[in-house]
Amino acid sequence: MASASRPFDSHTAARLLVFAKAPVPGLVKTRMMPGLSAGECARLHRRLALGTLITATTANPSPVELWCAPNCTHPFFSACARRFGVGMHPQQGTDLGERMYLALAATLKQNDFAIIVGCDCPALRARYLEQAWRALA
């Protein structure tokens, strides 16, 4: 929470963390197979990740960070960082819960607030993120 002496300033006190996997065929959206091929699953994931980043940067409640799995080296992540002006961080941990915990712990060392979003919610809208920031403030 923001301290009483410092008012909430979303650009210095908060971060929006977008969790994404590299769109590698056979490693993303695997539960959608065999209805979709591995390549189609990867393309779907790419579109969902791009949509999430568009929404996140449109809402612009705070700086947006892209948290990448398995690491930040996939060209997709570099292209996203350039296109959306987001920082990149590698996800660390053995499962999603641990990766989220470690990302939040690192972020909250320097910020008062953080929100994590994944790339599996095409219904996510900028207004929902704006509402979340108002609730945190």
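Contact here means heavy atoms within 4.5 Å.

## Ground rules

This is a predicted model, where local features need pLDDT of at least 70, side-chain atom pairs count only at pLDDT 80 or more, and totals for chains, interfaces and linings use all residues. Residues are numbered from 1 along each chain as its sequence is written, and side-chain values use heavy atoms, with hydrogens and water left out.

## The sheet

Let's start with the strands. Four of them make an open, parallel sheet, in the order S3-S2-S1-S4. At the edges sit S3 (87-90) and S4 (113-117), each pairing on one side only. From one strand to the next, the twist averages 30°. Helices (H or I, at least four residues) and strands (E, at least two) are DSSP runs, numbered from the N terminus, and two strands pair if DSSP finds at least two bridges between them.

S2 (residues 64-69) and S3 run parallel and are joined by four bridges. Within S3, Gly87 is the bridge partner of Glu65.

## Helices on the sheet

Helix H2 (residues 38-59) packs on the sheet and touches S1 (14-21), S2 and S4, its direction making about 170° with that of S1. Helix H3 (residues 75-84) lies across S1, S2 and S3, at about 175° to S2. For these angles, axes are lines fitted to C-alpha atoms (for helices, over the stretch in contact), and values run from 0 to 180 degrees between N-to-C directions.

## The core and Val18

The largest nonpolar core has 28 residues, and Val18 is among those with the most contacts inside it, along with Leu16, Leu53, Val64, Leu66, Phe77 and Val117. Such a core is a set of buried Ala, Val, Leu, Ile, Met, Phe, Trp, Tyr and Cys residues joined through side-chain atoms within 4.5 Å. H3 gives the most to this core, with five residues.

Setting aside neighbours within four places in sequence, Val18 is in contact with Thr52, Leu53, Ala56, Val64, Glu65, Leu66, Trp67, Val117 and Cys119.

Glu65 lies in S2 and counts as buried because its relative accessible area is 13% (buried is under 20%, exposed over 50%, partly exposed in between, with a 1.4 Å probe and protein chains only). Its side chain makes a polar contact with that of Arg15 at 3.4 Å. That term means a pair of N or O atoms within 3.5 Å; within protein, one must be able to donate a hydrogen and the other to accept it, and residues adjacent in sequence count only if both atoms are side-chain atoms.

Val24, in the loop between S1 and H2, is partly exposed because its relative accessibility is 28%. Apart from neighbours within four places in sequence, Val24 is in contact with Ala42 and His74.
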